[in-house]
Amino acid sequence: MIDASEAAHPWLSDPEPDVDPVVRANEYLRWVRQQSIQADWIALTNAEDQHLATLTAMGTSIHQLNQRLHQMLDTLLMGLRPEERPVVQIVAAPIALKVGVDGFCNLQTSPITLIVDPSRILPADWPHLVVHELAHAVAQGVGHGPRFFQSLSALCIAQDLPIPPSDSLQRGVLPYWPPCRPNPGAEQFWFLGQWV
């Protein structure tokens, strides 16, 4: 298994002191778009006058946000048997509103890439988002069928998160499980670098 920190390098590491944060942010967004299912799914949506400040915040400290997400992912992977652990990496990025999701799993990359937009939910619920996307990687599927239900249930039990109801498939709640509370400051998240 590849260590996720190797897979996401240098986006888990402190930036080099002589690298312009705007250049670094643009390189990061370009790299994430390459890992995305579709490049246009990754998009900053802030006001034009905030664009430079947003890139500066991202270029200065995106590694800190990715480190937090990586720690959550690592904890989840350690709860799985070695043969169940997918080779996976996780990164944060602003996902375009038109996509209609807070995260997604790209099974076509190697390692599998989980891209999440933590701006949309409260930080206390970030593990819920990571669990959901990891369940896709474990189930090796993008849908929310029986295999996903089994993977998600096992991960929720292991992390002491609310498990999906037994009738989840019929009720259609799996795309939103575990429940996440919306972040009232979502619009300013990337601009302010609130993950620091």
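User: Before we look at helix packing, what does contact mean here?

Analyst: Contact means heavy atoms within 4.5 Å. Helices are DSSP runs of H or I with at least four residues, strands are E runs of at least two, and both are numbered from the N terminus. This is a predicted model, where local features need pLDDT of at least 70, side-chain atom pairs count only at pLDDT 80 or more, and totals for chains, interfaces and linings use all residues. Residues are numbered from 1 along each chain as its sequence is written, and side-chain values use heavy atoms, with hydrogens and water left out.

User: Which residues of helix 2 and helix 3 meet?

Analyst: From helix 2, Pro21, Val22, Arg24, Ala25, Asn26, Tyr28 and Leu29 take part, and they meet a set in helix 3 including Leu52, Leu55, Met58, Ile62 and Asn66. By class, that contact has nine nonpolar, six polar and one charged residues (nonpolar is Ala, Val, Leu, Ile, Met, Phe, Trp, Tyr, Cys and Pro; charged is Asp, Glu, Lys and Arg; the others, Gly among them, are polar).

User: How do I read the geometry of such a pair?

Analyst: Two packed helices are described by the angle between their axes and the distance between the axes. Helix 2 (residues 21–35) and helix 3 (residues 51–78) pack at about 65°, axes 7 Å apart. They are therefore roughly perpendicular to each other (65 to 115 degrees; under 35 is roughly parallel, over 145 roughly antiparallel, the rest oblique). Axes are lines fitted to C-alpha atoms, for helices over the stretch in contact, with angles running from 0 to 180 degrees between N-to-C directions.

User: And helix 3 with helix 4: what angle do their axes cross at?

Analyst: Roughly 60°, with the axes coming within 10 Å, and that makes helix 3 oblique to helix 4. Among the residues that meet are Leu69, Met72 and Leu76 in helix 3 and Trp126, Val130 and Leu134 in helix 4. This contact has eleven nonpolar, no polar and one charged residues.

User: Which residues have the most contacts inside the largest nonpolar core?

Analyst: A nonpolar core is a set of buried Ala, Val, Leu, Ile, Met, Phe, Trp, Tyr and Cys residues joined through side-chain atoms within 4.5 Å; buried is under 20% relative accessible area, exposed over 50%, partly exposed in between, with a 1.4 Å probe and protein chains only. The largest has 52 residues, with Leu114 and Leu134 having the most contacts inside it. Helix 3 gives the most to this core, with nine residues. Leu114 contacts Leu73, Phe104 and Leu134, among others.

User: Is Val142 buried or exposed?

Analyst: Val142 counts as exposed, at 59% relative accessibility. Val142 sits in the loop between helix 4 and helix 5.

Conventions
Lists of a residue's contacts leave out its neighbours within four places in sequence.
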